[in-house]
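Subject: Structure handover

Hello,

Here is the structure I promised to pass on. Please open it alongside this note and follow along.

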Amino acid sequence: MATDVHRPVTGAPHGGETVSQHPTVVRVDGLTRAFDGRPVIDRLQLDVQAGEFVALLGRSGCGKSTLLRILAGLDRDIEGTVLVPRRKAVAFQAPRLMPWKRVWRNVLLGLPGRPERAVAERALEEVGLSHRSQAWPKTLSGGEAQRASLARALVREPDLLLLDEPFGALDALTRVKAQRLVDELWQRRGCAVLLVTHDVEEAVLLADRVLVMDDGVIAHEQRIDLPRPRDIADPRFAALRTGLLERLGVEAPAAPAAEAA
Ligand SMILES: Nc1ncnc2c1ncn2[C@@H]1O[C@H](COP(=O)(O)OP(=O)(O)OP(=O)(O)O)[C@@H](O)[C@H]1O
Ligand SMILES: [Mg+2]
């Protein structure tokens, strides 16, 4: 039988769990999701603390997006318990903007009530896109469209921000800028973030904790205690990256001879 409990678990004012310094915003217990009788997620356990930045790695097809869709409340055909905050937002790899609505209207799409344009403008300002507020989505660059998608997530004032490979389609430079933007937004907003990525370096750069999903469960967990902003040239950074790559079954490239000596 499917047990799907979506309710806020952050504390006051809704009266959730006891509020410690870092209350739990996501609690997943014994989660199973099967497609055609084949479990993709198999009795998975996961807790995320308020304000925590968690990155989720795993080979293609291991169930990362499936997990994210469940946390977003988009898939309820599950077994187990899933507790998530009421205020959550999701951004996917493809920005999914409605082509017939101007950017600012896209940002407000799906918000309850009749939110004022100023709400969209504030979010667009936060992602550096005020100047494209009136534009049609098809005239945006890839990076701009992704920022519009982030603005749409931010207007929901989420306690939990779910990001499914949001930078996957961006060129290297735009990607670095987008990573910095997410880092800044997270620090400013203080919401919990669950970022699905294929990029180990991105995970170590941004996350407090990196999870590796395999065989339907969280198979490995790595806390990243490096000070921020992080330096990819730091040997501790390289060691964490190598360790995670090994977990993913990827051989790290051999160090150049001069470095190895
Ligand atoms: N609606 C569905 N019906 C049937 N099978 C599905 C459905 N959604 C996902 N799957 C299957 O579940 C598995 C996990 O898919 P999922 O999209 O979660 O993987 P992923 O880890 O996000 O992969 P990627 O890194 O390639 O995005 C895949 O084998 C996929 O084919
Ligand atoms: Mg996916």
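The expected span is 1.5 Å times one less than the number of residues in the helix.

Some ground rules before the rest. This is a predicted model, in which local features need pLDDT of at least 70, side-chain atom pairs count only at pLDDT 80 or more, and totals for chains, interfaces and linings use all residues. Residues are numbered from 1 along each chain as its sequence is written, while chains are lettered from A and ligands numbered from 1 in the order in which they are written.

**Overall**

The protein chain has eight helices and nine strands. Helices (H or I, at least four residues) and strands (E, at least two) are DSSP runs, numbered from the N terminus. Of the chain's 261 residues, 36% count as buried. Buried means that 20 or more other C-beta atoms lie within 10 Å of the residue's own; exposed means 12 or fewer, and partly exposed is in between, with C-beta atoms placed from the backbone. Among contacts with a separation of 6 or more, residues 24 or more positions apart account for 68%. A contact needs two C-beta atoms, placed from the backbone, within 7 Å.

**Helix H5**

Back to H5. Its buried residues are Ala178, Gln179, Val182 and Leu185. Seen down the axis of H5, they fall within an arc of 130 degrees, so they line one face of the helix. That arc is taken from the directions from the helix axis to the C-beta atoms. The buried residues pack against helix H3 (117-126), helix H4 (142-154) and helix H6 (200-206). On the other side of H5, Leu173, Glu184, Gln187 and Arg188 are exposed. Thr174 also lies in H5. Thr174 has 17 other C-beta atoms within 10 Å, so it is partly exposed. Its contacts, leaving aside neighbours within four places in sequence, are Gly142 and Gly143. Thr174 and Gly143 are 31 residues apart in sequence, yet 6.1 Å apart in space, C-alpha to C-alpha. Just after H5 comes Gly190, with a positive phi of about 70 degrees.

**Helix H4**

H4 is mostly covered, with twelve of its 13 residues buried. Among them are Glu144, Arg147 and Arg152. The cover includes strand S5 (88-91), helix H2 (103-108), H3, strand S6 (160-164) and H5. The length of H4 fits as well: its 13 residues should span 18 Å at 1.5 Å a residue, and its end C-alpha atoms are 18 Å apart.

Leu108 sits in helix H2. It counts as partly exposed because it has 19 C-beta neighbours inside 10 Å. Not counting residues up to four places away in sequence, Leu108 touches Pro115, Val119, Ala120 and Val155. Leu108 and Val119 are eleven residues apart in sequence and 7.9 Å apart in space, C-alpha to C-alpha.

Helix H7 (residues 235-247) has 13 residues and reaches 18 Å from its first C-alpha to its last, close to the 18 Å expected at 1.5 Å a residue. Gly249 follows H7 and has a positive phi, near 80 degrees.

**Strands**

Strand S1 (residues 24-35) and strand S2 (residues 38-49) run antiparallel, joined by eight bridges. Strands pair if DSSP finds at least two bridges between them. Two residues lie between the strands in this hairpin, where Asp36 takes a positive phi near 50 degrees. Val26 has Val48 in S2 as its bridge partner. S1 also pairs with strand S4 (residues 79-83), antiparallel, over four bridges. Arg27 stands opposite Asp47 in S2 and opposite Leu83 in S4.

**Ligand 1**

Which residues surround ligand 1? They are Phe35, Val40, Gly58, Ser60, Gly61, Cys62, Gly63, Lys64, Ser65 and Thr66. A residue is near the ligand if its C-beta atom, placed from the backbone, lies within 6 Å of it. By class, this shell has three nonpolar, six polar and one charged residues. Ala, Val, Leu, Ile, Met, Phe, Trp, Tyr, Cys and Pro count as nonpolar, Asp, Glu, Lys and Arg as charged, and the others, Gly among them, as polar. Helix H1 (residues 64-71) gives the most to the shell, with three residues.

Best wishes
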